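Trainee: Please take a close look at one part of this model, the aromatic residues and what surrounds them. I would like the geometry with the cut-offs stated.

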Amino acid sequence: MDWSDSPEQAVFRQEVREFIQKELPERYRAGDDGGEGFEGGWQADRKSDDPVRRDTAMQWADALSKKGWIAPAWPKEYGGAGLSTIEQFIYNQEMAEVAAPMPGGMGVSMLGPTVIVHGTEEQKAEHLSKILSGEVAWAQGYSEPGAGSDLASLQTRAVRDGDEYVLNGQKIWTSGGHNADWLFALVRTDPEAPKHRGISFVVMDIKSPGLTLRPLINMGWKHHFNETFFEDVRVPVKNRIGEENRGWYVGMTLTDFERSGIGNAVGVQRILRGLLKQARTLPEEQTRAARKKDGTWRLAFADRWIEADIARLFSYLNMTIQLRSLIPNHEASMSKLYTTELNQRIASTTLKLFGLYGQLWDKDRPEALRGMAARGYLGAVSSTIAGGTSEIQRNIIATRGLGLPRG
Ligand SMILES: Cc1cc2nc3c(=O)[nH]c(=O)nc-3n(C[C@H](O)[C@H](O)[C@H](O)COP(=O)(O)OP(=O)(O)OC[C@H]3O[C@@H](n4cnc5c(N)ncnc54)[C@H](O)[C@@H]3O)c2cc1C
């Protein structure tokens, strides 16, 4: 298999590179903010009290929007870039290479494509353009305290009352809900039906009366996600996407695409290149592990380097499947499982490079990269839980990939 660009692909890659070179705001160029990300990414910048952060977010969104590149995978008729699979791959590769934040978040990656597939013309007209303009940011209300891996057991109730549903219940782990304007959620509309068949997919203004968000602070002291409570929240029936009680199938439209990720594979290679640079250039006292004669750290680093290459090959596999107009299934789980577990190993290798300095938390201390090692280590823990745990990915690989019987 030859993975080098064809002449047309090389031209497109160059176009993306030049665009990034010209348009990516300085604030986003460092690519890495001490393991912290940009404190909630583009979506948080957009809602920030700081006018510089707000302007940066809008400047980047405007540049992408003028080029038609906010939603590279959406068809042109809905305002997307209509890029081919291979062009999307190149686009994602180049953006991940510089860790560029992507405006639109879950609106672009999840809600928009769901509306394109399952929405009415009215719903498309109402929601798609607001995602593309950056006017409306979305959050996902799937998980509940008693429904995560077994999502179909969700209990948040939606009872029909004329032209409205009345919602009561609770969601949890709502990422970025505090920076979002609208929420898409799976709710139970028929408690008597078998569990997958009594669920509907609804969307609502996150400021709807009766809807409350409560911050959850994670172990890295970040406000990433929230608990979401519904107390008699009224949602118009016209806000349901797809048929009543068929919401499970609407909600599952995109999970396999979510897991196929070239971004992650490129991301780990970028992190390793940064780490190698630190190991070579930081004072000896801070990086003793890398310089030890027994070479343990060097061997660990070499393992991570090879593993990053394997992660890249997994993402190529997923792309090949998409090129054949198929949807990656257990292959997407392989990529998700491998890359997120690799993320954790890289975080551990990073921590070890700095020895005791690796435990520093203070962002103002240059030793151990302003606390990056410790923050990165804690931040990596959740990656094997979010978007389906490693155990669930292994179950999918075993049953759908290897054809083993269910345990
Ligand atoms: C950083 C982060 C962001 C998130 N963002 C969102 C969001 O925006 N919106 C949203 O709706 N949700 C979000 N989630 C929730 C996420 O989807 C769930 O945490 C995940 O699906 C696991 O569910 P759970 O936490 O209920 O764990 P459980 O399902 O209770 O699992 C507990 C443990 O049991 C194991 N287990 C469960 N079932 C099986 C099985 N059948 N076989 C083997 N082992 C099993 C699991 O692997 C895990 O180790 C987020 C989670 C994280 C960590």
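Mentor: K67 lies over the face of W69, 5.0 Å from the ring centre. A charge is taken to sit over a ring if NZ of Lys or CZ of Arg is within 6 Å of the ring centre and within 35 degrees of the ring normal. The model is predicted: local features need pLDDT of at least 70, side-chain atom pairs count only at pLDDT 80 or more, and totals for chains, interfaces and linings use all residues. Residues are numbered from 1 along each chain as its sequence is written, and side-chain values use heavy atoms, with hydrogens and water left out.

W69 also belongs to an aromatic cluster, together with F12, F19, W60 and Y91. Across the whole structure, the search finds 13 aromatic pairs. Rings of Phe, Tyr and Trp (its six-membered ring) pair if their centres lie within 6.5 Å; planes under 30 degrees apart count as stacked, over 60 as edge-to-face and the rest as tilted. The pair of W69 and Y91 is edge-to-face, because the planes stand at 80°, with the ring centres 5.5 Å apart. This pair links distant parts of the chain: W69 is in the loop between α3 (51-67) and α4 (85-97), and Y91, 22 residues away, is in helix α4. Helices (H or I, at least four residues) and strands (E, at least two) are DSSP runs, numbered from the N terminus.

W69 is buried, with a relative accessibility of 4%, and Y91 is buried as well, at 1%. Buried means under 20% relative accessible area, exposed over 50%, and partly exposed in between (1.4 Å probe, protein chains only).

Another pair is formed by W138 and F184, and it is tilted, with 6.4 Å centre to centre and 45° between the planes. W138 lies in strand β1 (residues 138-141) and F184 in strand β4 (residues 182-188), so the pair ties together parts that are 46 residues apart in sequence. At 2% relative accessibility W138 counts as buried, and F184 does at 1%.

To return to charges over rings, the charged end of R375 sits over the ring of W361, 4.4 Å from its centre.

One more tryptophan, W173, has a polar backbone atom 3.0 Å from a nitrogen atom of the ligand. A polar contact is a pair of N or O atoms within 3.5 Å; within protein, one must be able to donate a hydrogen and the other to accept it, and residues adjacent in sequence count only if both atoms are side-chain atoms.
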